[in-house]
Each structure stands twice: as C-alpha cells, then as structure tokens.
Amino acid sequence: MSLHINAKPGDIAETILLPGDPLRAKFIAEKFLNHSQCFNEVRGMYGYTGFYKGKRVSVMGSGMGQASLGIYVNELIDDYRVKNIIRVGSCGSYQKEVNVRDIILAQSASTDAAHNKKIFKSMDFAPCANFNLLLKAHNYAQENNIAIKVGNILSSDTFYDYNQESWKLWADFGILAVEMESNLLYSIAALKKVNALSILTVSDSLVTGESTSAQERQCDFIQMMDIGLNI
C-alpha cells in the first residue's frame with residue numbers, strides 16, 4: 001500500500017485511465033470493464049482493475065488540480081509500476097472552432113503553475129504527450145470516424161480567475177482549451193520515463209458560454225473513454 005492508495009502490489013495494471021472525477025472512474029469500470037475489482041476507496045478516490053477486450057487495465061480518479069493528480073501519479077509509478085497513464089478528462093474551449101463535446105488530444109500542455117519553474121530555476125520546460133500513444137489515439141479516432149483536434153492546451157492552477165479576460169492571451173497563441181492536470185502529468189511522465197497522454201472532451205466554452213451538466217461530464221463523454229481504452 002502507498003500513502004494514498006489502498007492497493008496491494010499487483011492490484012493495478014501497467015496501463016491506467018485517469019479521469020479527474022472518481023465517479024467517472026466508477027462509471028468506466030462498470031460500463032466497459034469485465035471482472036472489475038475495486039482496489040481503492042481511500043478519500044473516495046475510486047480505483048478499479050478489470051479486463052477490456054482481454055487486456056488488463058485499471059482506472060482511477062485523480063481529483064481536481066495538479067497537486068492532487070501529482071500525488072496519485074507519483075504513487076502509481078513508484079509503488080505500483082504503472083507504465084502508461086491516459087488522462088480522460090474535461091476541458092473548457094478557448095477557440096471558436098473548438099465546440100462543446102469536441103475531443104482534444106493534448107499534444108503538449110502549457111501552464112500558469114510554478115512547479116516546473118521551481119525545478120528549472122525559472123526557465124521554461126515544455127512537457128509533451130508520449131508520441132506513440134498520441135499517434136495510436138489519432139489513428140484510432142480517424143479509423144472510427146471520431147472527430148478530434150490535436151494541439152496545445154493550458155493546465156491552470158486557477159479555476160475561478162478574477163481577471164475574466166486573461167484566457168484571451170492564451171487563445172491568441174493558439175491554446176485550444178484549459179483544464180487543470182495535464183502539464184504536471186506530462187512532466188512527471190518525462191522524469192520517470194513512462195508514457196502519458198491526455199484525451200479531453202470539451203465540457204464548456206469560454207467563447208460562447210455554452211456548458212454541460214455534471215451528469216453529462218460524468219457519464220456522457222463516451223468517445224474519449226472509447227479512444228483511451230482502445231489504444
């Protein structure tokens with residue numbers, strides 16, 4: 001057992017899907033996995049291992065924000081030898097051509113957080129997705145007629161930004177959307193030599209103001225789950 005995951009060695013597969021919402025993890029396990037077993041309920045952060053098309057796979061919530069995700073990703077890699085981490089999360093669009101319910105493959109992840117600046121002494125580090133996972137996701141989506149967009153996203157440490165115009169600077173530089181986890185995920189994966197990819201569904205738009213409900217975010221973003229499981 002690690003500090004925050006109540007699983008025994010061997011309980012977690014080498015490949016894990018990592019939604020932010022633990023109830024989305026539960027939904028994925030119940031809808032997609034065969035013979036799934038719950039390996040974690042600590043702090044309500046549900047984790048399950050089962051089989052998808054004969055292959056062993058795990059799914060677990062990461063919580064909201066990079067601080068929460070960082071705890072689980074470090075323990076999954078260091079204590080449970082996870083090799084492939086696929087985030088399946090939601091994001092907010094920064095571009096008029098990126099619509100609610102569109103799927104984004106995060107090629108890279110910018111951030112307004114300071115974790116990498118501390119490590120690199122104020123220099124910039126540009127963390128990217130694993131290319132093989134990105135390519136597999138791109139090819140699977142094309143083969144199955146799933147519309148996707150690929151590009152740079154923003155991982156923000158602030159959900160309620162008091163400067164309501166600040167997102168427009170990121171948009172001007174081509175950032176597709178904002179979420180709160182991928183930059184640190186990609187950074188940890190780079191350091192620890194594992195594979196990581198974020199597959200995101202647009203849940204709301206800062207351009208149009210359109211948004212989805214909590215129930216939709218938990219259960220209706222099926223296509224990104226399908227991509228994540230099939231790569």
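Predicted model: local features only at pLDDT ≥ 70, side-chain atom pairs only at ≥ 80, totals over all residues.
Colleague: What volume does the largest pocket have, and which residues are closest to its centre?

Modeller: Its volume is about 1,000 Å³, and of its 37 lining residues F159, V178, E179, M180 and D204 are the closest to the centre. A pocket is an open set of points on a 1 Å grid over the protein atoms alone, where a 1.4 Å probe fits, with protein on both sides within 12 Å along at least five of seven lines, and lining residues have an atom within 4 Å of a point. Strand β5 (84–93) supplies 5 residues, the largest share of that lining, and α5, β8 (177–179), β9 (195–205) and α7 (214–219) each supply at least two; helices (H or I, at least four residues) and strands (E, at least two) are DSSP runs.

Colleague: Why is D204 called partly exposed?

Modeller: D204, which lies in strand β9, has 27% relative accessibility. Buried means under 20% relative accessible area and exposed over 50% (1.4 Å probe, protein chains only), with partly exposed in between, so D204 counts as partly exposed at its 27%.

Colleague: Why does Y160 count as exposed, and what does Y160 make together with F159 and Y162?

Modeller: Y160 sits in the loop between β7 (148–155) and α5 (167–172), and its relative accessibility of 65% therefore places Y160 in the exposed class. With F159 and Y162, Y160 makes a nonpolar surface patch of about 530 Å²; patch residues have over 30% relative accessible area and no salt bridge, with nonpolar side chains joined within 5 Å and like charges within 9 Å.

Colleague: What is the phi of H35, and why is H35 called exposed?

Modeller: H35, in strand β2 (residues 34–40), has a positive phi of about 55 degrees although it is not a glycine, and its 67% relative accessibility is why H35 counts as exposed. N145, in the loop between α4 and β7, also has a positive phi, near 55 degrees, and counts as exposed because its relative accessibility is 72%.

Key
Residues numbered from 1 in each chain as written. Heavy atoms only, no water. Areas by Shrake-Rupley, 256 points an atom, 1.4 Å probe, with all protein chains shown as cover. Salt bridge = Lys/Arg side-chain N within 4 Å of Asp/Glu carboxyl O. Points joined across faces, edges and corners; volume = space filled by probe spheres on them.
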